Every structure is written in structure tokens, then in C-alpha cells.
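Hi there,

Here is the structure I promised to pass on to you. Have a look at it first, and then read my notes below.

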Amino acid sequence: MKWIKSLWFKLLWFKNNKPEHGEAGQEAGSVILELAKSPMSSDVERLFLQALADDPIAIFKLALRVYKGFGVEQDYSLAYQIFKLLWSEDADAEFYMGEICREVLVNGEADYHQACCHYAAASEMGNPQAKMRLRETAELTGDKFWLEWSGD
């Protein structure tokens, strides 16, 4: 019963406080609302509400919690979708999207090419770990394009 009340509160809060950012805000809200189906700690619930209000720092922290499974059920696919909301503005979100593609099996296989795309973008945006991870992934696959891209 407590969970139902919590979900009702979250949805009511979102209805009354949803951002007016057009399609992008609606997409963000719908991705983040996926979490309303899962039990979450009070810390994650606070981040959830802030993320619904389109707070980029809260969105990143929420995605990281979902990625690691801290205070909420671990869900790599959902974490990827939440990080994706920040793809054009956050180098660390790009880096973690690369990590998900590289380390997490999707349909039985890691997607090294997509991981390299995210690492390259994160590197260009200034993430210091991304260039190293791009090189490691390119060496693993023998992809000359990404090896050259990651060169010094």
C-alpha cells in the first residue's frame, strides 16, 4: 500500500510540476517515469522528482544510481536511456553510455562500435578517461579507425 501511495504522489507531483519544454521535456519525463514502477530509496525518490523537473545534475545522478543499482533496481537499459537525455551536454553521461555498450551484454553481445562512438564523443567533450577507454576498446576489436582516432 505504501508503494502505491508513493507512486500516486510521484505521478501527481509530475502532473502539477512537469517542465514546459515541448517534446524533449515529454521524452525526458516518459523515460524517467519508467522508474515509478520500481521501489526506490528516499534518496533516489528525491533525485527522481528533481529529474522530472528537468534538472540535469539530478538526471545524471539518477542514471548513475540506476546503472549501479544503488537505492533502486539495477537496469542497464533504463540507465542508458536516462544518460541519453544528457548526450549533447554531459561528457560523463557519454562515457557511461560507452561503458554500458562495452561491458553489458545486449542481445548476447557487447556493442563495441557504439561504445567507441560514445567514448570518442566523451573524449571530445573533455572526459579524461574516455580517450583511454576508446583506445582499449579499439585495441580489443582491432578497429583501425578508432585506433587512429584515439591516437596521441
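**What I found**

The accessible surface of the protein chain comes to about 8,900 Å², and carbon and sulfur atoms account for 53% of that area. Please keep in mind that this is a predicted model.

On the overall fold: the protein chain contains nine helices and zero strands, so that reading along the sequence gives the pattern α-α-α-α-α-α-α-α-α. Of its 152 residues, 41% are buried. As for contacts between residues at least 6 apart in sequence, 51% of them join residues at least 24 apart.

The helix pair I looked at is H5 and H6. Two packed helices are described by the angle between their axes and the distance between the axes. Helix H5 covers residues 76–84 and helix H6 covers residues 91–103. Their axes come within 9 Å and cross at roughly 155°. Angles over 145 degrees count as roughly antiparallel, and H5 and H6 are therefore roughly antiparallel to each other. The crossing of these two helices is left-handed.

Which residues meet where H5 and H6 are in contact? From H5 there are Tyr76, Ala79, Tyr80, Phe83 and Lys84. On the H6 side, they meet Ala93, Tyr96, Met97, Ile100 and Cys101. By class, the residues of this contact divide into nine nonpolar, no polar and one charged.

Best wishes

Methods:
Residues numbered from 1 in each chain as written. Predicted model: local features only at pLDDT ≥ 70, side-chain atom pairs only at ≥ 80, totals over all residues. Heavy atoms only, no water. Helix = DSSP H or I, 4+ residues; strand = E, 2+ residues; numbered from the N terminus. Buried < 20%, exposed > 50% of the residue type's maximum accessible area, 1.4 Å probe, protein only. Contact = heavy atoms within 4.5 Å. Areas by Shrake-Rupley, 256 points an atom, 1.4 Å probe, with all protein chains shown as cover. Axes fitted to C-alpha atoms, helices over the stretch in contact; angles between N-to-C directions. Parallel < 35°, antiparallel > 145°, perpendicular 65-115°, else oblique. Left-handed = near helix turned anticlockwise from the far one by under 90°. Nonpolar A, V, L, I, M, F, W, Y, C, P; charged D, E, K, R; others polar.
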